[in-house]
Amino acid sequence: MNQLGFGRFLYLALNGLVLFFLLAPIAIIFVFALNPTPYIQFPPVGISLRWFEKFFASSQFMASLWLSLKVAALTTVCATVVGASAALAIARGGLPGVRLITAIVLSPLMLPAILTGLALFQAYVLLDIGRPLWGLVAGHTLVTVPYLVRTTLALLHNFDTRLEEAAQNLGASPMRTFFEVTLPLIKPGVIAGAIFAFIVSFDQFPVSLFLVSPGQETLPITLFNYLKYDLDGTIGAASVVSILLAALVVIVLDRTVGLRSYVKL
Amino acid sequence: MRARRLNRMALFLLPSAVLFTLFFFLPIGMMAMMSVLTGNPVVAPHVAFTVRNYARIVEDPFHFEVIWTTIRIGLWTTFVALLIGYPLAHLMARVRSRTAHALLLMAVLMPMLTGIIVRTFAWMALLADKGVINQMLAAMGLPTAQLMYNEFGIIIGLVHIYVPFMVLTLTGVIGAIDERLEQAAQNLGASPLRAFWEVTLPLSLPGILAGSLLVFALAISAYVTPILMGGFQIMTLPILIYQQISASFNVGFAASLGMVLLVISMALIVAYNQMLALVSGQRELQ
């Protein structure tokens, strides 16, 4: 029995270490963001908000933060329309080859995003399109649609079609059934997917790397360019801002629809 | 879910069909085309078919070295992610308390929802020559170590980014294994370790393969972490691809390198889907 207790202890200790490995780097970012020294210092020597001030006062950071939010918002709208409707067609359309169609709309999730970026960049160059904002949004939409498809499908698969059939049997038109039964049914999945899409677009790097126009960069690209030469607290402050955004998303997701059903890989 | 005949709901596929045709299939087709042409067919009057871009990859041993470095980093990342991801996935699949499960899930999702730049920055701050770990080593009077600007740093950073994918894949698979099988083995006299080794581990093999394929596919296509953690010293395939565009503007050669990465990734995706199908097939049998 003693041996069993030791084994259990080892098992939990190992898991504790793994969790530490996962979370400590995120905690360390907060230390940097709040630490007043301009270089990395550990243990920290004090608390200051100067890096946050510098971040929010920098016109370059603010311009890219604003662009990122704009791109993420536009992407969320496009991905929601495209992804949720694709999920509806897959689950309810009676399409032939539905497995292949599902695999295709989910494929940007696994296909290297750097290839998506490269291919779009080449296409824009070849067709002499330049690097317009809609081109960037299209790239982001492509890589975020799978999240919408997945979260919406999760709900559509949970409910069978009998609810819709019942509505129609009771005399509702197909249109009314759609708006009063199907849409409310998939709403939580669509919201969850939309939130995911927003965060993924906000943090998106490889596609943006190829598609942003110089001088008009999204926040991750600006941070990357900054990181190449500098490691000061401003990056920490910028990181904290995006971590808080992500944390907010996780909490909202958990409160509204529950996390469990969206993390099946 | 019953199979139905084609109906009006199928029209909802139109937006995604348009998006994927214009912004996915067309560009990837153009990339494939550019990799075998001598120039841009839109502006250049005479373009011809050529295999010189692929010949260039094969002729120069440097490119093999780059591909091998990419694969080596991918393999190490996958191995370490499996090693540390499995225990956590096991705990998540077996923990009974709902609160504990939700907390574990959040701990796994938090890093996943934090951007790659942010996480790479965190590791740079930890592992840099004057980073947290070396400062602590120095404070304790220990010699400092070179922890980044090498493959070690890249692998640590990549493991941190991709271990959640491993954990989430494995949790589903381990959770689907009937716990009573393990208990039966223990009732028959096997130690918990042996029960795990001979029952749970073999049954979770398809999940291990699926998770490993996923992490490997993601790791070989990473750009940010290898370039920043490697301090521009180590060349991987994605870095080489971007360099061909940004530094030399060699679109055709970048396209052929892209095709190499595409073929490797496609093979991995197909294998991953096969594994997942195997896993869900098992689930249906139970």
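Mentor: Let us begin with pLDDT, the predictor's confidence in each residue, from 0 to 100. The model is predicted, so local features need pLDDT of at least 70 and side-chain atom pairs count only at pLDDT 80 or more, while totals for chains, interfaces and linings use all residues. Residues are numbered from 1 along each chain as its sequence is written, with chains lettered from A and ligands numbered from 1 in the order in which they are written.

Trainee: Where in chain A is confidence lowest, and where highest?

Mentor: Helix α11 (residues 233–256) of chain A has the lowest mean, 79, and helix α9 (residues 206–211) of chain A the highest, 94. Chain A averages 86.

Trainee: Why is α5(A) called roughly antiparallel to α6(A)?

Mentor: Helix α5 (residues 113–126) of chain A and helix α6 (residues 133–158) of chain A pack at about 150 degrees, their axes 11 Å apart. Angles over 145 degrees count as roughly antiparallel; therefore α5(A) is roughly antiparallel to α6(A).

Trainee: Which residues of α5(A) make the contact?

Mentor: Residues are in contact if their C-beta atoms, placed from the backbone, lie within 7 Å. On α5(A), they include A:Ala113, A:Leu120 and A:Tyr124.

Trainee: How many residues of chain A are in contact with chain B?

Mentor: There are 74 from chain A, facing 79 residues of chain B. Helix α1 (residues 2–34) of chain A supplies the largest share of chain A's side, 15 residues. That side divides into 58 nonpolar, 11 polar and 5 charged residues, where Ala, Val, Leu, Ile, Met, Phe, Trp, Tyr, Cys and Pro count as nonpolar, Asp, Glu, Lys and Arg as charged, and the others as polar.

Note on methods: Contact = placed C-beta atoms within 7 Å. Helix = DSSP H or I, 4+ residues; strand = E, 2+ residues; numbered from the N terminus. Axes fitted to C-alpha atoms, helices over the stretch in contact; angles between N-to-C directions. Parallel < 35°, antiparallel > 145°, perpendicular 65-115°, else oblique.
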